[in-house]
Amino acid sequence: MLGKFARVIAVAVAGSVLAMGGAGVAAAGGKGTSSTQAAAEQVLQLRDQLARAAYAGDVAGTQRSLGQMSPVLGDLAAGQKYSIQSDAQQTAATSNDYATEASRILADPSKAGEVRQLPPVPDIPDLPPPLNIVSNLLKNLLKTVTGLLASLLGSAPPLPVPVPVPVPVH
């Protein structure tokens with residue numbers, strides 16, 4: 001009888017410790033529930049898919065990736081389906097805006113003159129034609145999504161982009 005009572009106490013203590021530890025990790029690291037982690041993994045896959053398609057000059061693949069990414073970013077920005085910090089929600093909203101605008105321009109390239117003027121992102125190489133019309137927009141999207149991933153996962157793997165080839169100086 002005493003052994004059963006001791007086991008019940010041990011299980012209760014262990015459960016409390018695990019619950020407190022999990023709450024501390026979620027609050028400190030910005031990581032949310034398992035569904036939020038799954039959404040972050042999906043965003044990571046979509047970010048990498050987008051980068052590969054864009055740097056290959058694949059307009060259809062880029063549009064497909066943007067179309068798949070927008071609903072996930074919208075859900076993260078809304079903050080109802082996933083439990084994330086408010087700054088991560090804002091980053092998701094900004095990323096979703098960039099994705100929506102890039103999709104709109106790629107669907108109708110005659111609207112390229114309406115592309116939002118965003119600062120260049122020097123650490124990400126320019127995109128090849130015909131995607132160069134939205135290069136800064138997509139590079140800023142990749143940068144903000146990478147920041148969102150860092151917030152959700154604690155760190156983000158590097159972008160799968162080509163390494164710029166150094167120009168020899170004579």
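Author: A residue is called buried when its relative accessible area is under 20%, exposed when over 50%, and partly exposed in between (1.4 Å probe, protein chains only). The model is predicted: local features need pLDDT of at least 70 and side-chain atom pairs count only at pLDDT 80 or more, while totals for chains, interfaces and linings use all residues. Residues are numbered from 1 along each chain as its sequence is written, and side-chain values use heavy atoms, with hydrogens and water left out.

Reader: What share of the residues of the chain counts as buried?

Author: The chain has 170 residues. The part of them that counts as buried is 34%.

Reader: How many helices does the chain have?

Author: Helices (H or I, at least four residues) and strands (E, at least two) are DSSP runs, numbered from the N terminus. Along the sequence the pattern reads α-α-α-α-α. There are zero strands, and the number of helices is five.

Reader: Which residues touch the most other members of the largest nonpolar core?

Author: A nonpolar core is a set of buried Ala, Val, Leu, Ile, Met, Phe, Trp, Tyr and Cys residues joined through side-chain atoms within 4.5 Å. The largest one holds 40 residues, and those touching the most other members are Leu-66, Leu-76, Leu-138 and Leu-141.

Reader: Is Ser-70 buried or exposed?

Author: Ser-70 lies in helix α3. Leaving out residues up to four places away in sequence, Ser-70 has contacts (heavy atoms within 4.5 Å) with Asn-96, Ala-99 and Thr-100. Because its relative accessible area is 17%, Ser-70 is buried.
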